Amino acid sequence: MTAFRRKIVAGNWKMNLDRPKAVELAASVVARAAEAGTTELVLCPPAVYVEAVGSAVAKSVVALGGQNMHDKASGAFTGEIAPAMLVDLGCRYVILGHSERRTLFGETDAFVNAKTKAALAAGLVPIVCVGETLEEREAGRTGEVVAGQVRGSLAGMPAGDLAKVVIAYEPVWAIGTGKVATPQQAQEVHALIRTLLGELASPAVAAGIRIQYGGSVKPDNAADLAVQPDIDGALVGGASLKADDFLGIARAFGQPATVT
Ligand code: PEP
């Protein structure tokens, strides 16, 4: 079985930048998007700047994404954002279940699952984040924890829907710490996730699902990650705040991949 998975590098700007800087960064990525080669580029600004960044990337190859959303369509959910609101502003992607959402804001697999279904129903591509803590890794529980998050976050979804999601494997101990997982550590978990996706959907569907790595990805470590057979791009935090670094990472992933 052969599958082509276009590499995807997404910038999670988190709660950083101001409006002029956000627009400037987006404009710079748009102007230099060709440097990314075949890699798909996604920018996920803070919610209040999504519209401004959306204008900056409009009619370009650079896609827009939200960092979070609620699963309900409307109602008394103060401070929350409905899926259709992100669509309204031109978003194609939405990051769901980021470890900061899980640990700082108490998001459970069940909530991430509801959001994932709601995102797909609204026409958004969910980037579903999973990953173990250092304590869990040191206890030899990485596989069990990640598999549990994947099963929980994607529960009750038909294969046709699973085919549309992007998974981001982000070991919590590597996020914002400067400690990147070794390419072998990352590949091992990516392969495990793909095997599990094969059980949840089918091996053919799993072979087409993109799995990003996230956790201190920089231009100088991206190439070693990019050559791993099951690493299909990166979800980038800190390094996405500089066009040079973000595009350097995207460039490292810029070769088409054929997987057998
Ligand atoms: C992230 O927050 O998704 C992330 C991977 O952050 P960083 O690249 O800064 O580790």
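These legends describe close-up views of one predicted model. Residues are numbered from 1 along each chain as its sequence is written, and side-chain values use heavy atoms, without hydrogens or water. Because the model is predicted, local features need pLDDT of at least 70 and side-chain atom pairs count only at pLDDT 80 or more, while totals for chains, interfaces and linings use all residues.

**View 1**
The ligand is surrounded by 14 residues, each with a heavy atom within 4 Å of it. The closest are Lys14, His98, Glu170, Gly176 and Ser216. By class, the shell holds 4 nonpolar, 8 polar and 2 charged residues. Here Ala, Val, Leu, Ile, Met, Phe, Trp, Tyr, Cys and Pro count as nonpolar; Asp, Glu, Lys and Arg count as charged; the others, Gly among them, count as polar.

A side-chain N or O atom of Lys14 lies 2.6 Å from an oxygen atom of the ligand. For Glu170, a polar side-chain atom is 2.7 Å from a ligand oxygen atom. Gly237 uses its backbone: a polar atom there is 2.8 Å from an oxygen atom of the ligand. Taken alone, the ligand exposes 290 Å², and the protein buries 97% of that. Areas come from the Shrake-Rupley method with a 1.4 Å probe; for residues, only the protein chains shown count as cover.

**View 1. The largest pocket.**
The largest pocket has a volume of about 530 Å³. A pocket is found on a 1 Å grid over the protein atoms alone, as an open set of points where a 1.4 Å probe fits, with protein on both sides within 12 Å along at least five of seven lines. Grid points are joined across faces, edges and corners, and the volume is the space filled by probe spheres set on them. The lining has 21 residues, each with an atom within 4 Å of a point. Lys14, Met15, Gln67, Asn68 and Arg101 lie nearest the centre of the pocket. The lining divides into 11 nonpolar, 6 polar and 4 charged residues. Helix 4 (residues 99–104) gives the most to this lining, with 3 residues. Helices (H or I, at least four residues) and strands (E, at least two) are DSSP runs, numbered from the N terminus.

Most residues other than glycine have a negative phi. Leu17 has a positive phi of about 75°. Leu17 sits in the loop between strand 2 (8–12) and helix 1 (19–31). At 30% relative accessibility, Leu17 is partly exposed. Buried means under 20% relative accessible area, exposed over 50%, and partly exposed in between (1.4 Å probe, protein chains only). Ser216 also has a positive phi, of about 55°. Ser216 belongs to the loop between strand 8 (210–214) and helix 11 (219–226). Ser216 is buried, at 10% relative accessible area.

**View 2. Ser216 and Asn221.**
The backbone oxygen of Ser216 is 3.0 Å from a polar side-chain atom of Asn221. Asn221 lies in helix 11. With 15% relative accessibility, Asn221 counts as buried.

Methods:
Polar contact = N/O pair within 3.5 Å; in protein donor to acceptor, adjacent residues only side chain to side chain.
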